[in-house]
Amino acid sequence: MMHHFIDSTLFSIMYPILLTAALIWGYLIATKSYKNKGKIWTPSGTEGPIIGLFALLLSFTFLSTNNVMRERISVVHKEADAIANLHRQSLICSDDYKNSTNEFLKIYIDLQITFYFTGDYQKSEIIKKQIEHLNGQYLANLIKIGKINPDSKLQLQGLYPYYNNLSSSFYAITYSFKERAPLLIIVLLISASLLIGLLVGFMNGFYEGGKHLLVPLIFIVLVTLSIHTIRDMDNPLKGTIKPNIDNLIDLKMFLLESKG
């Protein structure tokens, strides 16, 4: 439930508002509890390390989500290689195997492209089951061809490893899209940003020249963009940062143009 809220448009709107509210709250605490009452606030020296700790947490989360995203992209490329290898292997087989493989791969690529752009986890599960059913049909068809023509069993055995490789790539991709940054880390990052916003607003309340808006404004913009970027990288289906699938599209065009 919490992940759904963090992924939602509502959170995108509420987060900068909450961050601004934290800054204003910190500023009001400084002015009402200290300046208006004539109290003197002396920095403890821990303000810098606290902000540095937040920056370290932000950097760690950036690195973690970026690594997962790069691994996901690598799996997509491996899947494209598996498709191409299965197609090439089918070319040295009989027409029955070749035509069956060609038709299977055309449908498979269409479903995978739809999976990448669906933008909905429930729909992605439906597409995943459709691909699983398609894989089962293709394998059953290969076995059927082998039974009808026993002399082609050697060709069938040659196709098996390439089919298994593609099947493994499929499951690696679909499950990699479910891999998210731990919810506790995301909640910690959001909570820390609001607390740091409170601290920045509080410290800004003691600025001798009056209201100093530049630093709070830069803080709000940078932190908001950073959190939204992390959310985007961590959400492969709904986010705007998606794996490049041009290789799959090129393979689809190649198969459509092929005679097999």
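A: Q89 is buried, with a relative accessible area of 15%. Here buried means under 20% relative accessible area, exposed means over 50%, and partly exposed is in between, using a 1.4 Å probe and protein chains only. Two notes on the basis come next. This is a predicted model: local features need pLDDT of at least 70, side-chain atom pairs count only at pLDDT 80 or more, and totals for chains, interfaces and linings use all residues. Residues are numbered from 1 along each chain as its sequence is written, and side-chain values use heavy atoms, leaving out hydrogens and water.

Q89 sits in helix α3, residues 47-90. Helices are DSSP runs of H or I with at least four residues, strands are runs of E with at least two, and both are numbered from the N terminus. What does Q89 touch, not counting residues up to four places away in sequence? The partners are G158, L159 and Y162. Touching, or contact, means heavy atoms within 4.5 Å. Take L159: 70 residues separate Q89 from L159 in sequence, but their C-alpha atoms are 6.6 Å apart in space.

How do the two helices lie? Axes are lines fitted to C-alpha atoms, for helices over the stretch in contact, and angles run from 0 to 180 degrees between N-to-C directions. The axes of α5 (residues 121-148) and α6 (residues 153-176) come within 11 Å and cross at roughly 175°. That makes α5 roughly antiparallel to α6. The label applies to angles over 145 degrees, while under 35 is roughly parallel, 65 to 115 is roughly perpendicular and the rest is oblique.

T174 belongs to α6. T174 counts as buried, at 4% relative accessibility. Leaving out residues up to four places away in sequence, T174 touches F115 and K128. Q130 lies in α5. Q130 is partly exposed, with a relative accessible area of 38%. Q130 and Y108 are 22 residues apart in sequence and 9.3 Å apart in space, C-alpha to C-alpha.

Next, step back to the whole chain. It has nine helices and zero strands. Its radius of gyration is 27 Å, well over the 18 Å that the globule rule gives for 260 residues, so the chain is more spread out than a compact globule. That radius is taken over C-alpha atoms, and the rule is 2.2 Å times the number of residues to the power 0.38. The C-alpha trace spans about 95 × 30 × 30 Å along its principal axes. Of the 260 residues, 40% count as buried.

I220 is in helix α8, residues 214-233. I220 and A140 are 57 Å apart, C-alpha to C-alpha. I220 is buried, with a relative accessible area of 17%. Apart from neighbours within four places in sequence, I220 is in contact with L19, T20 and L23.
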